[in-house]
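Please read them with the structure open beside you.

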Amino acid sequence: MRPKSISKTETLPLSPQQSNPTKEIICDRIHNFYDICSINGPTVLDPTKSTFFLMNPTSSTPQKPMVEKVRPYPRKWESFTMPQIKEVTLISGPLGPKCKIQHKAPALVFSAGGYTGNFFHDFNDGFIPLFITINSIFPDQDIVFVISKSRDWWLSRYIEILRTFSKHPIINLDNDTSTHCFPSVNVGMISHGFMTIDPKLTPNSITFTHFRAFLDKAYGQNQNHPSKLNPSKSRPLLVLASRSGDVGRVLLNQNDLKFEAEKIGFNVIIFEPTPMTPLKEAYALINSSHAMIGIHGAALTHSLFLRPGSVFVQVVPLGNEWVAQVCFEKSARDMGLEYMEYRIKAEESSLIEKYNKDDLKIKDPVAFRGKNWSPVVMSMYLKEQNVKLDLVRFRVYLKKVYKKAKKFMDKEG
């Protein structure tokens, strides 16, 4: 199921002053991807009830308190995901519990639930919306994170990013029992769509290049110079993103592709990330490279670690045209990469062994799929399909990639 696309009338998220300066609890619910609510004044959190109480309310009476509820995860349109997200309540009365821990910085509340654990979704539904939200609502401000589904493995995996966002300890909404006071709170994250940062929708015109600079701040400090990971000064470094097992979209002639790329002039490193791959190591490798090639999949989210100006080639299996565009093409171009795309032919897909070449599934996947990106269609094109590249055809692309990568290496090192 796809969300509605962002319309031309999509606007900046409303600040409390813009929406209604007399209301103490403000919610902005006009967007396709998210809701966001705020208390623009002192508030106390009771984590055992997932509730923020307005301190010293003035505009509502105890008999009729103002109550707003929000699920702070930016897939608002997705009816089968959002019920799994913990609901957070903002209420103007009655008086909340006494404060045990006082914070000087405002709180930002979000969920690390939903699709968290898939590397693509960790960024698409997590860190990119978080970056937009912080730069839209809290530019140059200190913040405290209040997070539901803040699991230990997630904290450990993304500790560098989280520490770059905020220096304060994270409040776990699922198991904290102490009350916390804040000068204000925002509940929810702002999303501009799939892998998108729209400068027209941010007050300070941030772009994907700013997000890339943020990642470099998180992971790039004290990193090896590119030449140390690629000792040859004459051969550009190509990272070949790999998939294996029964996950689908596996490159069946990967070793042959590596050999061809080396013949053309690349040094090639095969990169097959796992959930245990330290992101500092992944960043060091990809940031040092001059080109990256991979079949469409979550691992291509590592293209965010490529330096602007380097080459990124997305191999697009049959039926993957739309997801390839929204997941990686747009962000790559917005980040200043030299984006190239290789759309496979029917003969390069393992689906040809299952379906006749004149079957609409093979002959015209876009027409077959239409607007129905259903679980059955997703499974066929994403999980049941592997790729065997026509290396005679692909060699033409490789030569172009090499030319661009060599030029980038000569300029940037």
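**Notes on the predicted model**

1. Cysteine 327 is buried, with a relative accessible area of 10%, which is under the 20% limit for that class. The model is a predicted one, and the points below should be read with that in mind.

2. A disulfide is a covalent bond between the sulfur atoms of two cysteines.

3. Cysteine 27 counts as partly exposed at 22% relative accessibility, whereas cysteine 37 is buried, with a relative accessible area of 1%.

4. A disulfide also joins cysteine 99 to cysteine 181, with an S to S distance of 2.3 Å. Here cysteine 99 sits in the loop between β6 (88-91) and β7 (101-102), while cysteine 181 belongs to strand β11 (residues 180-182), and the two are 82 residues apart. Cysteine 99, at 30% relative accessibility, counts as partly exposed, and cysteine 181 is buried, with a relative accessible area of 1%.

5. Which residues of helix α7 are buried? In this helix (residues 254-264) they are Gln254, Leu257, Glu260 and Ala261, and they cover an arc of only 120 degrees around the axis, which puts them on the same side of α7. An α-helix has 3.6 residues a turn, so residues three or four places apart point the same way. On the other side of α7, Asn255 and Lys263 are exposed. The cover over the buried residues of α7 includes β13 (237-241), β14 (267-271) and α13 (391-412). Just after α7, glycine 265 takes a positive phi of about 135 degrees.

6. The largest pocket has a volume of about 1400 Å³, and of the 47 residues that line this pocket, Asn118, Phe119, Phe120, His121 and Ala298 are the closest to its centre. At least two lining residues of the largest pocket come from each of α2 (119-137), α3 (152-157), α8 (279-288), α9 (321-334) and α12 (375-383). By class, the lining of the largest pocket divides into 24 nonpolar, 13 polar and ten charged residues.

7. A search of the whole structure finds four cavities of 30 Å³ or more. The largest cavity has a volume of about 100 Å³, and among the 17 residues that line it, Ala241, Ser242, Arg243, Gly294 and Ile295 are the closest to its centre. The elements that give two or more residues to the lining of the largest cavity are β13, α7 and β15 (291-295), and β15 gives the most, with three residues.

8. The second largest cavity has a volume of about 80 Å³, and of the 13 residues lining this cavity, Ala112, Thr116, Asp122, Gly126 and Trp154 lie nearest its centre. α2 gives the most to the lining of the second largest cavity, with six residues, and the lining as a whole divides into seven nonpolar, four polar and two charged residues.

Notes. Residues numbered from 1 in each chain as written. Predicted model: local features only at pLDDT ≥ 70, side-chain atom pairs only at ≥ 80, totals over all residues. Heavy atoms only, no water. Buried < 20%, exposed > 50% of the residue type's maximum accessible area, 1.4 Å probe, protein only. Helix = DSSP H or I, 4+ residues; strand = E, 2+ residues; numbered from the N terminus. Arc of directions from axis to C-beta. Contact = heavy atoms within 4.5 Å. 1 Å grid on protein atoms, 1.4 Å probe; cavity = no way out; pocket = protein on both sides within 12 Å on 5 of 7 lines; lining within 4 Å. Points joined across faces, edges and corners; volume = space filled by probe spheres on them. Nonpolar A, V, L, I, M, F, W, Y, C, P; charged D, E, K, R; others polar. Disulfide = S-S within 2.5 Å.
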